[in-house]
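Hi everyone, thanks for coming. I'll walk you through a few spots in this protein, so please have a look at the picture first.

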Amino acid sequence: MTMKRTSSTKNSTKKKQKLVTEDSIDYTKSLTSEDAETIESGFEELDNADHVEEIKTQAIKKKAPKTDKENKSSKKTKGKSNTVNNDKPTEKPNWKEFKKEKQELRVKRKTQKCPFYEAVVKAKKLWESVRRDDCPKEKKESLLDELFKSTKSHLETMVYSHDTARIVQWMLKLGTPEIRSQVINELIKHVPKMLLSKYACLCVKNMLKQGDAEQRKIIIDSLKGKVYSFTLHTNSAKIMDLIYTTYATPEQQNTMMHELYGASSILCESPNVLSFADVLKNSPNTKDIILAKTKDHIKKFVLKQKTSMQTSLVHNLIYEYILYTCGKDCDELFTSLKEFPIELFYTSKSGCYLAMYIIWSANSKEKKAILKQIKTTASTRDLATSEYGYLILLTLFDSVDDTVLVKKTIIPEILNNIDTIATNEYGRRVILSLVAWRDSSYFHPRDIELLKKGESIKDCKKDDDVRVKELLNAVSDRFLQHIQDNPNFWLSNGSIAMVLLGILKSGSGEKLKEAMTSVANYLIDPNNKVEDKDVKVPVYEHSGLHMVLRKIIGHDKNLVKNNETTFSEILSSIITADTLKSWIQCNRACFLLVAMIESDVELAVENIKSFFSTTMINLLKKQKFSGAKVLVTKLNSKAVKK
């Protein structure tokens, strides 16, 4: 019996050691002498080891740490009042008084921070009344006068804060000429400092807009010697560009550019120098210094991608530098510029010219990156409808050998936005570039010469004729389908009709025939009219449309050579006697008939002759306008049916 107890004791001791090891905490160290005696007595009385574990666990729980739930419950208990239930509970604080005290403290601190805080509060109340649409004009003028008087001595400080700067801008926008002039005169000497502020620079923008010529001159003159640093600054860069493009005179523009060249001190006596090349020509002794400074300035501007690189000032500087150096020693510059989004450049004329040089100097991999970036940003439509951005697209059409990539990136955007692009003056040139490449009938010689500059620079292996044909095949059928579905759009005015002419002249096959048929049907419908000089007239009587229709008929000779169906055949085959009767009473309609007779398309001439009976000829002879007389002459030269 003793041996069994001894062995059980040993087993329990081993289990005890194992338990401590697993929990990594020796709770027995914290047991009292009474607990230890209880455990020992339990060992003697119980033979089962499981009972020992139960006793041990109960003892450990007495000293074990409390769980989270126990802690929370104890905290709740502590938080409760220990007083008897009859005691009164703690009184609730007076929140209204508390908030009032906080508000008074806040106002006190603002008053200490801003000495004219009360004037600002009053100005804000007046401003809220002035800016309301339902404020009467007389009351608005009196409030603005009171607003100016209360803030006159604090304007210099108010322009640097967001809320008070808005008040100054509204005074410049809505104030009388006298108030505007006084506000500008109060701030004009602080303009250089204001340009560096996020909010004050917007006040400078309003000062330029609302000020007179003399005040603008003072503002621009105050920036002399600081043009370079202000063009580099984030807040002032756009204002400097606005000054250069909108408000500066040619002399002031030259002065600003001279500072960017790093040649303002050298050229202070020659303000009429117009370009970078003239600067270097007039300063042969300092040529190397100016070139080095200009290059250094360009490097710093390139680092300011989001500010300086979006200004016409910097675009002009880089473009003139590249023109003078003919792209030599500009490899590093081109490498940096190719990483920029193309949208940075099409905001200005020189920026677009710069983008053209970037595309010309790019290799196939870099051109691919440019195309993908344009697709990602969905900027094709913006480029196509931009005053100078369309030149970037034309350059891509001329320079990218991978026409499959062009079809995937740029062409879909053009096809999906035909109406918007064809309606725009510059967008029409993009469409015409695809269907009538460098045709002098549609493009100004200046644009053609500009595009030809890239021929000696661009890295292309594919012939221009092959590239042009591949792009034409990608768009021709879609354009013709759009004409077939929407003849009213393409015959809405003379400008859009010129694009229609280019598309029809470049088309072929069944699609061309269907498109011309749709145009002819729209033309002979007497209900279809367009506005010409504020008067609704039939399509064929519109001056611009009439000219285009005659050119379409004139193209029939080329269609005959290519065995294509001609417009004269289609039009003459659908003209009825009633249509002809109304046409011969209109001057321009008679000239269309003359054009069809002169086209020498046999089927068209026969169709027209078949309608001219003696009655029709007599009616034609009664007309007094020149078109009828010319038509009679043409008919007399042919055998007419009696």
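Before anything else, what do I mean by a helix here: helices (H or I, at least four residues) and strands (E, at least two) are DSSP runs, numbered from the N terminus. Also, this is a predicted model, where local features need pLDDT of at least 70, side-chain atom pairs count only at pLDDT 80 or more, and totals for chains, interfaces and linings use all residues. Residues are numbered from 1 along each chain as its sequence is written, and side-chain values use heavy atoms, with hydrogens and water left out.

Okay, loops. R438 sits in the loop between α28 (427-435) and α29 (445-452). What about its phi? R438 is not a glycine, yet its phi is positive, about 50°. Most residues other than glycine have a negative phi. N563 does this too: a positive phi of about 60°, and not a glycine either. You'll find N563 in the loop between α35 (556-561) and α36 (567-574).

So are these two buried or exposed? Buried means under 20% relative accessible area, exposed over 50%, and partly exposed in between, using a 1.4 Å probe and protein chains only. R438 comes out at 14%, so it counts as buried, while N563 has 72% and is exposed.

Next, helix α30, residues 464-485. How far should its 22 residues span? The expected span is 1.5 Å times one less than the number of residues. That gives 32 Å, and the end C-alpha atoms are 32 Å apart, so the two agree. Still, α30 bends by about 35° at V475; the bend is the angle between axes fitted to the seven residues ending there and the seven starting there. V475 is also one of the buried residues of α30, which include L471, L472 and F479.

Last stop: a helix pair. Two packed helices are described by the angle between their axes and the distance between the axes. Axes are lines fitted to C-alpha atoms, for helices over the stretch in contact, and angles run from 0 to 180 degrees between N-to-C directions. For α34 (residues 543-554) and α38 (residues 587-598), the angle is about 10° and the axes are 9 Å apart. Angles under 35 degrees count as roughly parallel, over 145 as roughly antiparallel, 65 to 115 as roughly perpendicular and the rest as oblique, so α34 and α38 are roughly parallel.
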